[in-house]
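I have a new structure open today and want to keep notes as I go. Here is what I looked up, entry by entry.

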Amino acid sequence: MGKNQTRLVRIGSIAIGANEPIAIQSMAATKTVDIEATAATCQHLSDAGAAVVRIAVDTQRDADALKEIRKRTTANLSVDLQENYKLAESVAPYVDKIRYNPGHLHHAEPNVAWQKKVERIVQICRENDCAIRVGVNCGSVDPNLSYSIDADKNIDPMVLSAIEHAEFIDSLNFTQFCVSIKSSDPATVVAVNRQFARIRPDIPLHLGVTEAGLIPEGIIKSQAAIEPLLAEGIGNTMRISLTVPNNRKDEEIKAGKLILENVKNSNIHSGKWQQAALNIVSCPSCARVENDRFVQLAELIYEKTRELKDRQLTIAVMGCRVNGPGETDNADFGIWCGTKSVNLKKQGTLIGTFSYDEIVPKLLEIITTNQ
Ligand code: SF4
């Protein structure tokens, strides 16, 4: 570990990169407006070993809640701005890091160039001593990406998007940022992070498999992606995204510690996720989850599909409409939660919307009759 000499990036009371130890992160899945529950989760995760705890912020009410959450926890806090970059201003005084996704910047004010938006985020972070994570995700690659590297045609679009943003932030003379490039496929995570580290070895990388899913598969997939990278000296911080109920979120930290222990003992996973057949991809849930039944739903789908485990199928189960529609595009069957109903897609096409009680029997019926 620690072979790559990246820049040092400070996040509140910790730092990542350079010779710093690999930091384990996690995320609160409570509603951000529930100040007491979110502050308690952040503190619990911090006490369990999370160097940074992320909170989702979508509305001004969420941003207002952060001010109170900040007073109630000593955790280093990061916020995830998905579609509303303008909230950066309201949250920056109360957090240590802001994550934005290049693929979501076009949602708010589509006529404003992304460069103007990033300039604004950088200015706010500079004024408030916040770090930035440029978080690229497989389900939401920038639809307007036109950046290319002439000398190398084989660079993954996710990597190109990350490099484009890194170069732009560099041009603003801001160095306190890291990058993440996540996919739900561990082999892709390994490949894209190797590409990025080769081109920009100076920038700290946040590693993770997005929607790694339920235990134990979620941990195994994360090991498959993260252990080989850390063993090569790539990666400075990580988050293990597990689909677990709120009161078991600290299992993400335990999984992170297991990975660090394995790397230390050279007990490295091969780097290949040996997908036998049925693959269930599920998000870890966060404040955006539309219905508290999401984790139970993911667990039920897992349980009910055990007898189909030899089918070559990917089922994606997502908690909300923000990432659900995009992140289910590549699955054979995609499910994402609404407040009262659940949407079902087959190979990218919406089949219908079903109640929480109907969705699992419907899914099983479609799989067994149509496949
Ligand atoms: S899919 Fe939605 S609920 Fe799940 S982690 Fe992503 S933003 Fe949160």
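Entry 1: Before counting anything, I need to know what a contact is: two residues are in contact if their C-beta atoms, placed from the backbone, lie within 7 Å. I also remind myself that this is a predicted model. With that cut-off, 22 residues of domain 1 are in contact with 19 residues of domain 2. On the domain 1 side, I get nine nonpolar, nine polar and four charged residues touching domain 2. As for where the domains sit in the chain, the domain assignment puts domain 1 at 8-264 and domain 2 at 279-370. Their C-alpha centres are 25 Å apart.

**Entry 2: α1 and α2.** I read up on how to describe a helix pair: you give the angle between the axes and the distance between them. So how do α1 and α2 pack? I find α1 (residues 35-47) against α2 (residues 60-72) at an angle of about 45°, and their axes are 9 Å apart. Roughly parallel counts as under 35 degrees and roughly perpendicular as 65 to 115, and α1 and α2 are therefore oblique to each other. I note their crossing as right-handed. From α1, the residues making the contact are I35, T38, A39 and C42, and from α2 they are A65, E68, I69 and R72. Sorted by class, I have five nonpolar, one polar and two charged residues there.

**Entry 3: α6 and α7.** Next I check α6 (residues 186-199) with α7: the axes come within 8 Å and cross at roughly 20°. That angle makes α6 roughly parallel to α7. This crossing is right-handed. Which residues meet here? In α6 I list P186, V189, V190 and N193, and in α7 I list K221, A224, A225, P228 and L229. By class, this contact has seven nonpolar, one polar and one charged residues.

Entry 4: I flag the peptide bond from I215 to P216 as cis, with omega near 10°. P216 belongs to the loop between β9 (205-207) and α7 (217-231). I also flag S266, whose phi is positive at about 55° although S266 is not a glycine. S266 is in the loop between α8 (251-264) and β11 (279-282).

**Entry 5: around the ligand.** What surrounds the ligand? I write down C283, P284, S285, C286, R288, V289, M318, G319, C320, V322, N323 and G324. This shell divides into seven nonpolar, four polar and one charged.

Key:
Residues are numbered from 1 along each chain as its sequence is written. This is a predicted model: local features need pLDDT of at least 70, side-chain atom pairs count only at pLDDT 80 or more; totals for chains, interfaces and linings use all residues. Domain bounds come from an automatic or database domain assignment. Ala, Val, Leu, Ile, Met, Phe, Trp, Tyr, Cys and Pro count as nonpolar, Asp, Glu, Lys and Arg as charged, and the others, Gly among them, as polar. Axes are lines fitted to C-alpha atoms, for helices over the stretch in contact, and angles run from 0 to 180 degrees between N-to-C directions. Helices (H or I, at least four residues) and strands (E, at least two) are DSSP runs, numbered from the N terminus. Angles under 35 degrees count as roughly parallel, over 145 as roughly antiparallel, 65 to 115 as roughly perpendicular and the rest as oblique. A crossing is left-handed if the near helix is turned anticlockwise from the far one by less than a right angle, and right-handed if clockwise. A residue is near a molecule or strand if its C-beta atom, placed from the backbone, lies within 6 Å of it.
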